[in-house]
Amino acid sequence: MCGTSRKTLDILRDEGCDVWIQEYLKQPPSRDALARLYARAGIRPREGLRAKEPLAQELGLTRPDVTDDEVLDAMVANPILIERPIVETPKGVRLCRPQDKVREIL
């Protein structure tokens with residue numbers, strides 16, 4: 001777990017939230033689940049792309065003309081490309097980078 005994910009988890013626990021963690025590398029979300037999360041977060045899949053991951057560049061996913069479908073397909077095939085942490089609560093979904101963005105949905 002990365003530092004931002006740990007800090008986000010600490011915020012959630014400090015707020016008394018029940019937390020369920022999906023280990024995205026071991027149990028990747030489905031394409032539909034990712035699309036739904038991004039839609040609820042109000043972001044496009046490319047905004048949820050881990051663009052600094054070398055594989056993103058190798059696959060051409062940082063091109064300005066890359067489509068949402070291409071990004072989603074690549075994320076499903078290579079979950080390392082999914083930026084994290086993504087937090088979902090009854091109040092919404094946020095890609096919590098920085099970690100304090102989680103407070104918007106608590």
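Author: A strand is a DSSP run (E) of at least two residues, and strands are numbered from the N terminus. Pro-98 is found in the segment after β2, the strand that spans 92-95. The model discussed here is predicted.

Reader: What kind of peptide bond joins Arg-97 and Pro-98?

Author: The bond between Arg-97 and Pro-98 is cis, with omega at about 5°. Arg-84 and Pro-85 are also joined by a cis peptide bond, and omega is about 5° there. Pro-85 is placed in the loop between α4 (68-77) and β1. Most peptide bonds are trans.

Reader: Why is Leu-37 called buried?

Author: Leu-37 has a relative accessible area of 12%. Buried means under 20%, so Leu-37 with its 12% is given that name. Leu-37 sits in helix α2. The C-alpha atom of Leu-37 is 8.2 Å from that of Ile-86, although 49 residues separate the two along the chain.

Reader: What makes Val-19 partly exposed?

Author: The relative accessible area of Val-19 is 34%. Partly exposed covers what lies between the 20% limit for buried and the 50% limit for exposed, and 34% falls there, so the term applies to Val-19. Val-19 belongs to the loop between α1 (3-14) and α2 (31-41).

Reader: Which residues form a nonpolar patch on the surface with Val-19?

Author: Met-1 and Ile-21 form the patch together with Val-19, and their accessible area comes to about 270 Å² together.

Reader: What makes Glu-104 and Lys-101 a salt bridge?

Author: The closest N and O atoms of Glu-104 and Lys-101 are 3.7 Å apart. That value is within 4 Å, so the pair qualifies. Lys-101 is partly exposed, at 29% relative accessibility.

Reader: How many salt bridges does the rule give?

Author: The count is 14. One of them joins Asp-100 and Arg-103, whose closest N and O atoms lie 3.4 Å apart. Asp-100 is partly exposed at 42% relative accessibility, and Arg-103 is partly exposed at 44%. Asp-100 and Arg-103 are also linked with Glu-15 in a network of salt bridges. Side chains of opposite charge can pair when their charged atoms come close.

Reader: Which residues lie nearest the centre of the largest pocket?

Author: Trp-20, Ile-21, Gln-22, Pro-85 and Ile-86 lie nearest the centre, out of 31 residues that line the pocket. The elements that give two or more residues to this lining are α1, α2 and β1 (86-89). The largest pocket holds about 890 Å³ of space.

Reader: What classes of residue make up the lining of the largest pocket?

Author: The lining has 20 nonpolar, four polar and seven charged residues. Trp, Ile and Pro count as nonpolar, so Trp-20, Ile-21, Pro-85 and Ile-86 from the lining belong to that class. Gln falls among the others, which count as polar, and Gln-22 is therefore a polar lining residue.

Terms used
Residues numbered from 1 in each chain as written. Predicted model: local features only at pLDDT ≥ 70, side-chain atom pairs only at ≥ 80, totals over all residues. Heavy atoms only, no water. Patch = residues over 30% accessible without salt bridge, like charges linked within 9 Å, V, L, I, M, F, W, Y side chains within 5 Å. Areas by Shrake-Rupley, 256 points an atom, 1.4 Å probe, with all protein chains shown as cover. Salt bridge = Lys/Arg side-chain N within 4 Å of Asp/Glu carboxyl O. Helix = DSSP H or I, 4+ residues; strand = E, 2+ residues; numbered from the N terminus. Buried < 20%, exposed > 50% of the residue type's maximum accessible area, 1.4 Å probe, protein only. 1 Å grid on protein atoms, 1.4 Å probe; cavity = no way out; pocket = protein on both sides within 12 Å on 5 of 7 lines; lining within 4 Å. Points joined across faces, edges and corners; volume = space filled by probe spheres on them.
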